[in-house]
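Subject: Handover of a structure and the findings from it

Dear colleague,

Please find the sequence and the structure below.

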Amino acid sequence: MQITHKFRLYPNKQQEENLFETLNLCRQTYNNLLAEFDSWDNISKYELQSIIPNLKICDSRLKKVYSKALQYENYRLFSNLKALSQLKKKGYKVGRLRFKGKGWFKTFTYNQSGFKLTNTGKRLQTLHLSKIGDIKVRCHRNIKGAVKQVTVKHMQSGKWFASITEERKQEIKQQPVNKVIGIDLGLTDTVYDSDNNKTANPRHLKKKAKKLAHLQRKMSRKKKKSNNRNKWRVRLARQYEKLVNSREDFLHKLSRYYVNNYDVIAMEDMPIPDMVHNNLAKSILNSCWGKLRQMMAYKAEWAGKLYVPVDYNGTTQRCSQCGGLVPKDLWEREHKCPNCGFEVPRDYNSALEIKRLCLQKIRQELPESTPVEMEALPLVTSVVEARSPFQNL
Ligand SMILES: [Zn+2]
C-alpha cells in the first residue's frame, strides 16, 4: 500500500531560487504542452511526451530541470483532461483547459527517481533533489518503505513542503465484522453516531475561523496591489494554514477513534456539487466532511475494516425504527414518529437510519462465508444526553 506524508522543507537561498526556477519552467512546459495538444486533432499521451526533447532544444533553460519532472507535466496535462471529460460525462458544463499563470502553479513532482532521503540522525534530515540540491527537511514520521514519488509544494504563506509517497509492504488482515456504527454529519458542525455519541468541532477551530474572517475583512480594506496588502495576504495565508492544520488534527483523531473501536463504519455518501457555498465558514465545514470521509475510508482499509457509504437520500426523513416517513423542516431538531412513537434528537435518528441502511447493504453484498455476527438494531426506549467519546477535544 502507498502512504503519503507531508514534511516541511527548509531550503537555503540558492536552493529556494532553484525551486522557484523549477516551478516556473515546469509551468511553462505544461503550457507549451497544452498549446501543442490544442493544435492537434488527436494526439496521444505518448506522442505528446516525445516533443519534450524538442522543447529543450528551443529553450536551453529546461536542461536545468530534472527530466522526469518535465515528463510529469505531460502526465498532469492528461490527467486534467481525463478529469474534465469525466465531469462532462456527468452532465457538467465544462470549458477547455486553461494556461496556467504564475500564481496558479504551485507544485512539481519527481516520480520514481531523482530524489534521495537521508537520515542524518539529527532533527532535520536531508532530501536530495536532482538538479536542485540537498534540502533540509523535517520528517516527523519514519519512512519505512521505498520512496516512490516526491511532490514539492510552495504555499501561499511562503513555506515549502514535500509530499513523500512511500510503498509499504504490509499485508492487510481482514477483520471479522462485529461492531457496526452509523455516523451522521451534521448541518452545523457536529458528528452524531448510532451509539448516541455526539462530537462537536473543537472550540479552538471556531476561534481560528473567526480570526481568519477578521483578517480577510482587514485585508480587503487595503489598497489593491500595495505592499501593505501583500503583507496582509501572507498573514491571511498563515492563519488559513493554521486552521487547516488543526482541523486535520481533529479529523485524524475522530477517524482514528471510529476505526479503532468499530469494524464497519457507515456514512452518508453526499455528492459534493450540492454542497458548494459562497459562505467561507460553510465551505470550510463542507471540505471538512469530505476529508473525514476520505480519512475514514483509507484508515478502515488499512486496518482491514469496512467503510460503507450509504445513500443519503431520506436519512433524515425516515424513522429508523419502523421505516415510516416523518417529514421535518431544517429547523426541527427532534424526530417524533407518529407511527411507532419513537422520539429522539433528529441527528441521532439519522445515524441509526444510516446504520440500518448499512446493515441492509452488507447482508446483501458480503458473501455467506464472512463471519458476520449481525446484531439487531437497538430499540431505544429512553435517551440520555449524548456525550462526546473524547475527553480532550
Ligand atoms: Zn417510527
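Is D347 buried or exposed? With a relative accessible area of 12%, D347 is buried. Buried means under 20% relative accessible area, exposed means over 50%, and partly exposed lies in between, with a 1.4 Å probe and protein chains only.

Before the remaining findings, a word on the basis of these values. This is a predicted model, in which local features need pLDDT of at least 70 and side-chain atom pairs count only at pLDDT 80 or more, while totals for chains, interfaces and linings use all residues. Residues are numbered from 1 along each chain as its sequence is written, and side-chain values use heavy atoms, with hydrogens and water left out.

Overall picture

The protein contains eight helices and 14 strands. Helices (H or I, at least four residues) and strands (E, at least two) are DSSP runs, numbered from the N terminus. Of its 393 residues, 40% count as buried. The accessible surface comes to about 23,300 Å², and 49% of this belongs to carbon and sulfur atoms. Accessible areas come from the Shrake-Rupley method with a 1.4 Å probe, and for residues only the protein chains shown count as cover. Among contacts between residues at least 6 apart in sequence, 67% join residues at least 24 apart; contact means heavy atoms within 4.5 Å.

Salt bridges

A salt bridge is a side-chain nitrogen of Lys or Arg within 4 Å of a carboxyl oxygen of Asp or Glu. By this rule, the count is eleven salt bridges.

D347 lies in helix α8 (residues 346-365) and R333 in the loop between β12 (306-311) and β13 (334-336), so the pair ties together parts that are 14 residues apart in sequence. R333 counts as partly exposed, at 39% relative accessibility.

Another salt bridge joins D38 and R96, whose closest N and O atoms are 3.4 Å apart. Because D38 lies in helix α1 (residues 13-38) and R96 in the loop between α4 (67-89) and β2 (107-111), this pair ties together parts that are 58 residues apart in sequence. D38 is partly exposed at 35% relative accessibility, whereas R96 is exposed at 62%.

E166 and R168 also form a salt bridge, with 3.1 Å between the closest N and O atoms. E166 is buried, with a relative accessible area of 0%, and R168 is buried as well, with 15%. Finally, R318, E353 and R356 are linked in a network of salt bridges.

The positive patch

Which residues form a positive surface patch? They are R217, K218, R221, K231 and R235. Patches are made of residues with over 30% relative accessible area and no salt bridge; like charges are joined within 9 Å, and nonpolar side chains (Val, Leu, Ile, Met, Phe, Trp, Tyr) within 5 Å. Lys and Arg count as positive and Asp and Glu as negative, while His and the chain ends are not counted. The place of a charge is taken as NZ of Lys, CZ of Arg, CG of Asp or CD of Glu.

Helices α5 (203-220) and α6 (227-261) each supply at least two residues of the patch. R221 is found in the loop between α5 and α6, and it is exposed, with a relative accessible area of 62%. K225 is found in the loop between α5 and α6. K225 has a positive phi of about 65° although it is not a glycine, and it is exposed, with a relative accessible area of 85%.

Two serines

S157 is placed in the loop between β6 (146-154) and β7 (160-167) and is buried, with a relative accessible area of 4%. Where does the chain return to S157? A237 is 80 residues away in sequence, yet the two C-alpha atoms are 5.0 Å apart in space. Leaving aside neighbours within four places in sequence, S157 is in contact with V234, A237, R238 and E241.

S163 lies in strand β7 and counts as partly exposed, at 23% relative accessibility. Not counting residues up to four places away in sequence, S163 touches T4, H5, K6, Q149, V150 and T151.

Yours sincerely,
A colleague
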